Structure formats: structure tokens, C-alpha cells
Amino acid sequence: MTYKTHGTCATAINVELDGSIIKSVSFVNGCSGNTQGVARLVEGMDAHDAIAKLRGIKCGFKSTSCPDQLSYALEEALAAIGG
């Protein structure tokens, strides 16, 4: 599924789950090294655990960040599968 982000340099996040396990994540735009790093770190994790770790992270003066937006993308992906 593709999640349209809000308030970040990344404009969208592509998420693929296998049940509640994160199979793949890719960011559209954003800081390439940081978004690739976050994506690789969460692959293989349970989405619920990733949400708990990422939710609320801020980027500078912004009220959100790419990791924070990923937590919302994962939440939406889980809701789509009833998880």
C-alpha cells in the first residue's frame, strides 16, 4: 500500500506487510540515506513494535518526521488487513 505523508520531505511511503511483519518499506523523496536506513531497520519487525518505537519522533522544528509518518503508514496498513 502507498501512504501519502504529511509535513515531511518524503511525499509517500510504500509499505508491504506479511501479516503484521514488515516485508518492505520504501520512501518517495526525502533524505535518501536516512529513509533507506529507517526502511532497512524496520524490515522483518512486527509493525506494532515499529509503531511504538517510531511514533512521536520529530524532525527539527517540524511536528513530525519520516519515521513518525512511517508509524502512521504502518498503522494504516495494519488496519487494511484487519490487524
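**Group meeting: a walk through the predicted chain**

Let me begin at Asn14, which, once residues up to four places away in sequence are set aside, touches Met1, Thr2, Ser24, Val25, Ser26 and Val28, where a contact means heavy atoms within 4.5 Å. What you see is a predicted model, in which local features need pLDDT of at least 70 and side-chain atom pairs count only at pLDDT 80 or more, while totals for chains, interfaces and linings use all residues. Residues are numbered from 1 along each chain as its sequence is written, and side-chain values use heavy atoms, with hydrogens and water left out.

Asn14 lies in strand β2, residues 10-18, strands being DSSP runs of E of at least two residues and helices runs of H or I of at least four, numbered from the N terminus. With 27% relative accessibility Asn14 counts as partly exposed; on this scale buried means under 20% relative accessible area, exposed means over 50%, and partly exposed is what falls in between, with a 1.4 Å probe and protein chains only.

Stepping back to the whole chain, there are 3 helices and 3 strands, and along the sequence they follow the pattern β-β-β-α-α-α. The radius of gyration is 11 Å, close to the 12 Å that the globule rule gives for 83 residues, so the chain is as compact as a globular protein of that length; the radius is taken over C-alpha atoms, and the rule is 2.2 Å times the number of residues to the power 0.38. The C-alpha trace spans about 35 × 20 × 20 Å along its principal axes. Of the 83 residues, 37% count as buried, and among contacts between residues at least 6 apart in sequence, 45% join residues at least 24 apart.

For an example from the helical part, let us turn to Val38, which lies in helix α1, residues 32-42. Val38 is buried, at a relative accessible area of 17%, and, leaving aside its neighbours within four places in sequence, Val38 is in contact with Phe27, Pro67 and Leu70. Val38 and Pro67 are 29 residues apart in sequence, and their C-alpha atoms are 7.0 Å apart in space.

Phi of Asn29 is near 70°, a positive value in a residue other than glycine, and Asn29 is partly exposed, with a relative accessible area of 48%.

Now the cysteines: how many disulfides does the structure hold? The structure holds 0 disulfides, a disulfide being a pair of cysteine sulfur atoms within 2.5 Å. Cys31 is in none, and the nearest cysteine sulfur, that of Cys9, is 5.3 Å away. Cys66 is in none either, its nearest cysteine sulfur again being that of Cys9, at 6.5 Å. Is each of the two buried or partly exposed? Cys31 is partly exposed, with a relative accessible area of 45%, whereas Cys66, at 17% relative accessibility, counts as buried.

I will finish with the charges: the mean positions of the 7 positive and 8 negative charges are 9 Å apart, where Lys and Arg count as positive, Asp and Glu as negative, and His and the chain ends are not counted, each charge being placed at NZ of Lys, CZ of Arg, CG of Asp or CD of Glu.
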